[in-house]
Amino acid sequence: MKLLERVPSYVRDFESYVPSRPDPILMRQFGVTHLYRLNNNENAQGPPRLAQEAIAAFASERAAIYPSGDAYDLRQALAAKFGKLPEQFLVGNGSCEVISSVVRAFCGPGDAIVTADKTFAVYEWVARFSGVQTLLVPLVQHALDPAAMLAAVTDTTKIVFVCNPNNPTGSWWNRATLDRFLSGLGDRALVVLDEAYREYLDDPDFPDGLELMARHANVIVFRTFSKMYGLAGFRVGYLCGSPEVVDLVRRTHIAYSVNILGQIAAKAALVEDEGHIASTRRMVDEAKAYLQDFFETLGLEYVSGAGNFMMVRTPISDTLLYRRLMQQGVMVRTMTAFRYPNWIRISMAKAQAMEAFAKALRMILEKP
């Protein structure tokens with residue numbers, strides 16, 4: 001077809017993401033009767049209680065009604081919780097959609113973004129399949145390098161993506177580091193602070209992006225209900241920024257993209273969330289302590305920072321290890337695509353899942 005020849009090269013050359021198959025199919029494929037999902041950094045505790053109640057109370061006839069096109073009620077709730085204006089929030093179908101909207105709003109032909117080379121891959125993906133140049137800055141000791149990221153900014157740079165805490169390494173910039181970075185950058189580019197895992201941190205030195213916006217108008221913050229709030233299946237993410245910046249992004253954003261039940265559940269999740277956050281942090285801390293001891297016993301190198309995940313270097317191919325773990329009913333994330341060949345990432349979960357992973361990994365590594 002001649003039509004295919006007219007597709008831009010940056011689209012034709014892009015390799016599409018291949019999601020994993022549904023759990024029942026995977027279980028049949030690998031011959032297991034259970035599957036511990038430790039691959040997507042989901043919250044094993046599920047949503048907060050009030051969100052669960054809101055989901056259970058949803059009347060099925062409401063499914064025939066379109067949702068609020070701009071998540072009006074949810075934006076009101078976010079504004080009240082964080083002391084902002086509703087107009088400063090934009091809600092999307094997960095943070096992936098919000099990333100796309102920001103890139104469309106600020107980048108055109110010949111523009112570039114700057115981010116780390118081992119971070120959340122969607123920044124790079126969206127830029128590449130949009131024809132936007134991506135400058136990837138290497139990590140230093142598994143952490144984002146602020147000086148090198150500043151040096152990478154040129155006249156064509158429109159956006160700098162900073163994942164804080166970083167996925168997949170869990171490293172994070174403290175207040176002083178981020179302040180120096182923002183001061184050094186000035187207003188030369190938009191700065192996206194992706195705080196998808198911020199609720200997993202309880203450290204007074206962790207910078208709050210929503211506070212920084214008062215001093216740096218070029219900062220916007222991404223957050224999500226998929227991780228701490230356990231609503232990954234509903235795909236609800238949001239950004240917060242100055243009214244002027246958010247107005248520009250809204251022009252490129254698709255209305256009605258967030259489903260009605262997702263909006264309801266997310267709003268309920270914000271109410272009395274302290275207990276849910278505290279209990280999830282305890283689960284994660286216990287799981288990390290257990291795996292740290294286990295990895296040290298096996299003499300394996302690991303990275304354990306902020307967030308509900310850890311990475312470990314494997315003595316065999318990560319893809320081979322994935323298949324062998326799947327045969328034991330344990331699903332992890334291979335890290336070759338993150339440019340961490342022969343590492344795996346493990347989501348923190350309840351004790352039963354952690355013990356199943358440890359038992360399976362030990363058996364595989366000790367097998368002659």
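Me: Is the crossing of helices α14 and α15 left-handed or right-handed?

Reply: The model is predicted, so local features need pLDDT of at least 70 and side-chain atom pairs pLDDT 80 or more, whereas totals for chains, interfaces and linings use all residues. Residues are numbered from 1 along each chain as its sequence is written, and side-chain values use heavy atoms, without hydrogens and water. A crossing is left-handed if the near helix is turned anticlockwise from the far one by less than a right angle, and right-handed if clockwise. For α14 and α15 the crossing is right-handed.

Me: At what angle do α14 and α15 pack?

Reply: Helices (H or I, at least four residues) and strands (E, at least two) are DSSP runs, numbered from the N terminus. Helix α14 covers residues 318-326 and helix α15 residues 351-366, and their axes are 10 Å apart. Axes are lines fitted to C-alpha atoms, for helices over the stretch in contact, and angles run from 0 to 180 degrees between N-to-C directions. The packing angle of α14 and α15 is about 120 degrees.

Me: Which residues of α15 make the contact with α14?

Reply: Contact means heavy atoms within 4.5 Å. From α14, the contact is made by Leu 321, Arg 324 and Leu 325. From α15, it is made by Phe 357, Ala 360, Leu 361 and Ile 364.

Me: Which strands are the edge strands of the open sheet of four strands?

Reply: The order in this sheet is β9-β10-β13-β12, with antiparallel pairing, where two strands pair if DSSP finds at least two bridges between them. Strands β12 and β13 (residues 343-347) are joined by two bridges, and Arg 333 stands opposite Arg 345 in β13. The edge strands each pair on one side only, and they are β9 (302-303) and β12 (333-334).

Me: At what angle to β13 does α14 run?

Reply: Helix α13 (residues 274-298) lies across β9, β10 (309-313) and β13, and runs at about 5 degrees to β10. Helix α14 lies across β12 and β13. Its angle to β13 is about 40 degrees.

Me: How many residues of strand β7 are buried?

Reply: Buried means under 20% relative accessible area (1.4 Å probe, protein chains only). On one side of β7, Val 219, Val 221 and Arg 223 are buried, and on the other Ile 220, Phe 222 and Thr 224 are buried. Strand β7 is therefore largely enclosed by the rest of the structure, with a buried count of six of the six.

Me: Which residue in β8 stands opposite Phe 222?

Reply: Strand β6 (residues 190-194) pairs with β7 in the parallel sense over four bridges, and Leu 193 stands opposite Val 221. With strand β8 (residues 237-240), β7 runs antiparallel, joined by four bridges. There, the residue opposite Phe 222 is Leu 239.

Me: What is the relative accessible area of Gln 263?

Reply: Gln 263 lies in helix α12 (residues 260-269). Not counting residues up to four places away in sequence, Gln 263 touches Pro 67, Ser 68, Ala 71, Tyr 72, Leu 74 and Val 258. Gln 263 is buried, and its relative accessible area is 9%.

Me: Against which elements do the buried residues of α5 pack?

Reply: Helix α5 (residues 72-82) has as its buried residues Leu 74, Arg 75, Ala 77, Leu 78 and Ala 79. Just after α5, Gly 83 takes a positive phi of about 70 degrees. The elements packed against the buried residues of α5 are β2 (89-92), β8, α11 (243-250) and α12.

Terms used. Buried < 20%, exposed > 50% of the residue type's maximum accessible area, 1.4 Å probe, protein only.
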